[in-house]
Amino acid sequence: MAQSGAPGLEPIRSIGPIGRIGQMGRRGGLAPYIFLAPTLVLMLVFIFYPMLRVFYYSLRTDDLTQPYLNGFIGLKNFVTILTKDPLFWSSLSITGRWVVSEVVLQLCLGLGLALILNRAFKFRGLYRAVVFAPWAVSGVLITAIWSLLLNPFSGPVDDLLKKLGLIHASIGFTSDPKTVFWSVVVAELWRGIPFFTIMLLAALQSIPGEFYESARVDGAGRWRMFVSMTLPQLKDAIVLSTLLRAVWEFNNVDMIYTMTDGGPANLTTTLPVYIMNEAVNAQNFGYGSALTIIGFFILMLFALIYLKLSRFGEGEL
Amino acid sequence: MSGKMDRMLTLYLPLALYTGFTLFPFYWATNISLEKNGGLGLSGVHYLPTPFTLENFVQAWNGMGFYIYFRNSFLVAIVSMLFTVVFAVLTGYALSRYKFRGKTTFMLLLLSTQFIPGVMLLIPLFTIFQGMGLINNLFSLIIVNTIFQLPFTAIMMRGFISQIPFDLEESAMVDGCSRLKSMRLVLLPVLIPGIIAIAAFAFIGSWNQFEFALMFISKQNLFTVPIGLQYALGEFNINYGTLAAGSIIALIPVVLIFAYVQKYLVQGLSAGAVKG
């Protein structure tokens, strides 16, 4: 695994050529439906039916703390959210800032790392295993580990910054309004970069080596080769991974919720954190559901526009 | 610029910086977990665990109840993983080996689940499980983990199976094997790397699940590791030593699994997502 040409992609290819027969398949009467049935039933019962229920709840007051008020109220939740809820609007702009910061930084650093890991050097397999590891770490665990790193009393970040003379007084990274947003961003970067690296490395490895030969003979510089040859080849992988990641970071809730719970002063309350607080703490299911519906449509709209604008998949036709 | 210098600046230096960024948090959690009182009350910040102790681990495991959380998480993750693997293989097989009506719609349905926010299902699933009497029951978490891991692993599985030629199974069937028997005897053995990949994927995802566990589980003897950690984080007198030890305990299974399967995972992600 450690030093071969394209580790990771080889084993499955060596099983056999990508068989046309496999993809062509055959008609099998009821058989495929029986194979699919468990998955389909689970998805219908536990994903699509609950989504319908969210729509239903969003038209109601459903407050576990004030059950005597429960009942149908039409679009009132939506009107309240859009006209009388400053926290909704601030959570929306914080979500936007969060998604853009995370996706842009993760893409740039992840792409850089993928380009490095695509080159040949000793112990590459080992490096790859190490730098991918944070990808498998849960949000709560990131909070636990980063609260050890960032705490102003025994944390090394504060200590090292002081020793380097960059700061003089201790900083409460996750409690100070000036530093909280970027502290959370950096902690999430630690976990998020490997995703891009994995996706882009897989795409890089599928570019045949001969592809670059002619350019190299022409004496094209490294930067020009990257911009005019590598990037276009990576386009679909970049579009898909940024989209998946944007959706994922939009929905990301476990780390922010445990690290700051949206604070201080709601400065890190993204829309999902707001929803989470409505559901878990306030137990206001009607209002929380209406917030959820709005978030869902924003996400769908974003995904459609993004795919349209980026002309995803057109290169293949 | 000489080749060696160039390699140093564009390869080894960024690689070293990034490896440092990745490893430092792991190193620090280990350091604090082995230091008496997690370093609090000592003068200055210690970069090696002095005074060295294993007390934090004993305290986290027994005192804070991580042995219970660990057992619960393990149970939930293993059962969720088994369900996910069985259903994903069946689904992947149907999508890769058959033509049938509604195939495209079903694929779109699978893909569309990737865009549904998890928090969106928090409220309705809570009321559904409440109706089923599954609140404060680990089975609710098993169901949730299975439905969240299933779509993506099924898409990955379809990719894996499509890469295996159908000839072998076909000739086995000509020789009188039933379809199920040919699947078991011919396909499954070559599918092992793919199964390992999705099993690891499902295990790690289930092990890490947080929001639903927080919403569904309020009894401490049913806490999973993420909820136990969140509980420890929320304590007024937070003890960084035991928190670090708890973190290391939570990390061990995922890191071991990840180290073992990371190469399969990379090919699985690319088979499922890029080519899917």
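Across the interface of chain B and chain A, 0 salt bridges are found by the rule, a salt bridge being a side-chain nitrogen of Lys or Arg within 4 Å of a carboxyl oxygen of Asp or Glu. The structure is a predicted model, in which local features need pLDDT of at least 70 and side-chain atom pairs count only at pLDDT 80 or more, while totals for chains, interfaces and linings use all residues. Residues are numbered from 1 along each chain as its sequence is written, chains are lettered from A and ligands numbered from 1 in the order in which they are written, and side-chain values use heavy atoms, with hydrogens and water left out.

Between chain B and chain A, 11 residue pairs are in polar contact, both residues being at pLDDT 80 or more; a polar contact is a pair of N or O atoms within 3.5 Å, where within protein one must be able to donate a hydrogen and the other to accept it, and residues adjacent in sequence count only if both atoms are side-chain atoms. On the side of chain B that touches chain A, the largest share, 18 residues, comes from helix α1 (residues 3–33) of chain B, helices (H or I, at least four residues) and strands (E, at least two) being DSSP runs numbered from the N terminus. By class, this side of chain B has 70 nonpolar, 19 polar and 11 charged residues, where Ala, Val, Leu, Ile, Met, Phe, Trp, Tyr, Cys and Pro count as nonpolar, Asp, Glu, Lys and Arg as charged, and the others, Gly among them, as polar. The contact takes 100 residues from chain B and 104 residues from chain A, contact meaning heavy atoms within 4.5 Å. The area buried between the two chains is about 9600 Å², of which carbon and sulfur atoms give 77%; buried area is the accessible area (1.4 Å probe) that two parts lose on being put together, summed over both. In chain B, the residues that lose the most area to chain A are B:Phe115, B:Met120 and B:Ile123, together 8% of what that side buries.

The secondary structure of chain A comes to 14 helices and 3 strands. Of the 317 residues of chain A, 54% count as buried, which is to say under 20% relative accessible area, whereas exposed is over 50% and partly exposed lies in between (1.4 Å probe, protein chains only). The largest nonpolar core holds 188 residues, of which A:Trp146, A:Met276, B:Leu125, B:Phe216, B:Leu229 and B:Leu243 touch the most other members; such a core is a set of buried Ala, Val, Leu, Ile, Met, Phe, Trp, Tyr and Cys residues joined through side-chain atoms within 4.5 Å. Helix α9 (residues 180–205) of chain A gives the most to this core, with 16 residues. Leaving out residues up to four places away in sequence, B:Leu243 touches A:Ala144, A:Ser147 and A:Leu148 in chain A, as well as B:Leu229, B:Ala232, B:Leu233 and B:Ile238 in chain B.

A:Leu117, in helix α5 (residues 86–117) of chain A, counts as buried at 0% relative accessibility. Beyond its neighbours within four places in sequence, the contacts of A:Leu117 include A:Tyr127, A:Phe132, A:Leu201 and B:Leu15.

Over all chains, the structure holds 7 salt bridges. One of them joins B:Glu169 to B:Arg97, with the closest N and O atoms 2.8 Å apart. Because B:Glu169 lies in helix α7 (residues 167–174) of chain B and B:Arg97 in helix α3 (residues 66–97) of chain B, the pair ties together parts that are 72 residues apart in sequence. B:Glu169 is buried, with a relative accessible area of 1%, and B:Arg97 counts as buried at 0%.

In chain A, a salt bridge of 3.5 Å, N to O, is formed by the side chains of A:Arg191 and A:Asp254. This pair links distant parts of the chain, with A:Arg191 in helix α9 and A:Asp254 in helix α12 (residues 254–259), 63 residues apart. A:Arg191 and A:Asp254 are buried, and together with A:Glu188 they are linked in a network of salt bridges. A:Arg245, in helix α11 (residues 222–251) of chain A, is buried with a relative accessible area of 4%, and A:Glu188 and A:Arg191 are among the residues in contact with A:Arg245.
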